[in-house]
Amino acid sequence: MQDFFYFHHMNNKPTLSPVIAGCMKWGQWGAQFTTGQYLEIIEHCVGYGITSFDHADIYGNYTVEEEFGKAIRHKSSLRQQMQLISKCGIKMVTANRPDHHIKSYDTSKEHILLSVHNSLKNLNTEYLDILLIHRPDALMNPEEIAAAFSQLQQQGKVLHFGVSNFLPHQLQMLHRFFPVEINQIEISLTYLDPFHNGQLDQCIEMNIIPMAWSPMGGGNLTSDPEDERNFRIQAVCEILAKKYDAEPQQIQIAFLTSHPSHILPVMGTSKHKRLELALKASDIPLEREEWYMLWRAAMGHEVP
Ligand SMILES: NC(=O)c1ccc[n+]([C@@H]2O[C@H](COP(=O)([O-])OP(=O)(O)OC[C@H]3O[C@@H](n4cnc5c(N)ncnc54)[C@H](OP(=O)(O)O)[C@@H]3O)[C@@H](O)[C@H]2O)c1
């Protein structure tokens with residue numbers, strides 16, 4: 001039974017694009033797109049092959065999902081061509097949620113169900129492709145999360161379930177009660193913890209999809225090139241970019257996508273050209289020594 005379940009689970013992985021468009025800064029927290037601009041970038045991404053979109057209930061102080069939903073409302077064919085990811089579990093203090101008095105986490109069944117209800121309504125969709133628990137909650141009860149996930153799965157409201165920012169032991173705890181399929185974590189040349197702390201090993205071991213948030217380190221190589229580490233990384237990126245006839249920033253993406261855990265970068269840029277370059281970068285096959293040139297630049301010393 002166990003074997004059958006595992007086999008079944010392995011063959012039902014969500015189909016996602018090799019690079020995911022992150023929507024965190026599309027609204028109030030960044031670009032402040034109009035409905036027309038939302039539609040333009042969504043259609044551009046889908047047309048180009050970036051079909052997966054990363055949301056969370058809280059983005060733009062609980063406004064981005066609704067703005068995105070408004071943009072796709074009159075283009076019903078778009079929904080079938082895209083995968084929608086959302087998250088829940090953080091309660092932010094904002095005028096849009098006057099009942100929140102301090103920032104806190106809530107992974108109760110009631111909150112998960114309510115949050116998904118709102119995300120579906122706001123995104124103007126019948127189902128989410130993926131729901132993630134946004135951050136590990138000190139008070140989380142995995143049985144309760146599993147009960148909420150089961151109900152959402154049975155109702156067809158969510159197709160796949162995962163977590164974000166979970167350490168291996170936290171993921172394992174939830175997995176004991178419900179199959180976890182995704183862990184969305186911070187990974188970049190300037191944030192290498194997942195290569196050391198077991199998160200990526202666990203993804204390989206358990207056939208879990210790793211998604212990398214802030215895959216460009218939030219843009220810090222270009223915003224702070226004076227920093228010694230950034231300077232070292234940028235220098236190697238430039239050497240490798242020449243070899244692959246690519247842009248140096250594409251090498252940052254290739255560093256992630258060359259890893260055997262099949263990392264999916266969640267891009268923060270909303271510039272068409274940069275999104276296109278990121279998708280192309282996911283095909284750059286870095287050689288082992290090249291990967292370790294980047295690793296050495298990031299660590300500041302060669303491997304022991
Ligand atoms: N699960 C979580 O806890 C969590 C946390 C944070 C974020 N996220 C997700 O991850 C997504 C990405 O996060 P992020 O914005 O920090 O990611 P990022 O892709 O590392 O950083 C984006 C920044 O890099 C800049 N940048 C500079 N050069 C670039 C280039 N050549 N190509 C691409 N970008 C370049 C962008 O500027 P321009 O905009 O000017 O291009 C933008 O300011 C978010 O939208 C969200 O969906 C999840």
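Here are legends for several close-up views of this predicted model. Residues are numbered from 1 along each chain as its sequence is written. Since this is a prediction, local features need pLDDT of at least 70 and side-chain atom pairs count only at pLDDT 80 or more, while totals for chains, interfaces and linings use all residues.

View 1. Gly 22, Met 24, Gly 219, Gly 268 and Thr 269 come nearest of the 25 residues around the ligand. Here, a residue is near a molecule or strand if its C-beta atom, placed from the backbone, lies within 6 Å of it. Sorted by class, the shell holds 14 polar, seven nonpolar and four charged residues. The classes work like this: Ala, Val, Leu, Ile, Met, Phe, Trp, Tyr, Cys and Pro count as nonpolar, Asp, Glu, Lys and Arg as charged, and the others, Gly among them, as polar. The ligand lies between domain 1 (2-186) and domain 2 (217-299), because both give residues to the shell.

View 2. The protein chain splits into domain 1 (2-186) and domain 2 (217-299), with bounds that come from an automatic or database domain assignment. Their C-alpha centres lie 26 Å apart. Across the boundary, 18 residues of domain 1 are in contact with 13 residues of domain 2; contact takes C-beta atoms, placed from the backbone, within 7 Å. On the domain 1 side, β1 (20-22) and α2 (35-48) are the elements that give two or more residues. The largest share, four residues, comes from α2. That side of domain 1 has 12 nonpolar, four polar and two charged residues. Element names follow DSSP runs, numbered from the N terminus: helices are H or I with at least four residues, strands are E with at least two.

**View 3. Helix α4 against helix α6.** Two packed helices are described by the angle between their axes and the distance between the axes. For α4 (residues 64-72) and α6 (residues 109-123), that's an angle of about 35°, with the axes 6 Å apart. The axes are lines fitted to C-alpha atoms, for helices over the stretch in contact, and angles run from 0 to 180 degrees between N-to-C directions. Glu 65, Glu 66, Phe 68 and Gly 69 in α4 meet Ser 119, Asn 122 and Leu 123 in α6. By class, this contact has three polar, two nonpolar and two charged residues.

**View 4. The buried side of α14.** In helix α14 (residues 272-281), the buried residues are Leu 275, Ala 278, Leu 279 and Ala 281. Buried means that 20 or more other C-beta atoms lie within 10 Å of a residue's own, exposed means 12 or fewer, and partly exposed is in between, with C-beta atoms placed from the backbone. The arc is that of the directions from the helix axis to the C-beta atoms. What covers these buried residues includes β1, α2, α13 (248-257) and β10 (264-267).

View 5. Gln 199, Leu 200, Gln 202 and Cys 203 are buried in α10. Down the axis of α10 they fall within an arc of 160°, so they line one face of the helix. They pack against α8 (168-175), β8 (182-186), α9 (193-196) and β9. Just after α10, Asn 207 takes a positive phi of about 60°, although Asn 207 is not a glycine. Asn 207 counts as exposed, with 12 C-beta neighbours inside 10 Å. Ile 208 lies in the loop between α10 (199-206) and β9 (209-213) and is buried, with 21 other C-beta atoms within 10 Å. Ile 208 and Glu 181 are 27 residues apart in sequence but 4.9 Å apart in space, C-alpha to C-alpha. Leaving aside neighbours within four places in sequence, the contacts of Ile 208 are Val 180, Glu 181, Ile 182, Asn 183, Gln 202 and Cys 203.

**View 6. Tyr 62, another positive phi.** Most residues other than glycine have a negative phi. Tyr 62 has a positive phi, near 70°. Tyr 62 sits in helix α3 (residues 59-62) and counts as buried, with 20 C-beta neighbours inside 10 Å.

Methods
Contact = placed C-beta atoms within 7 Å.
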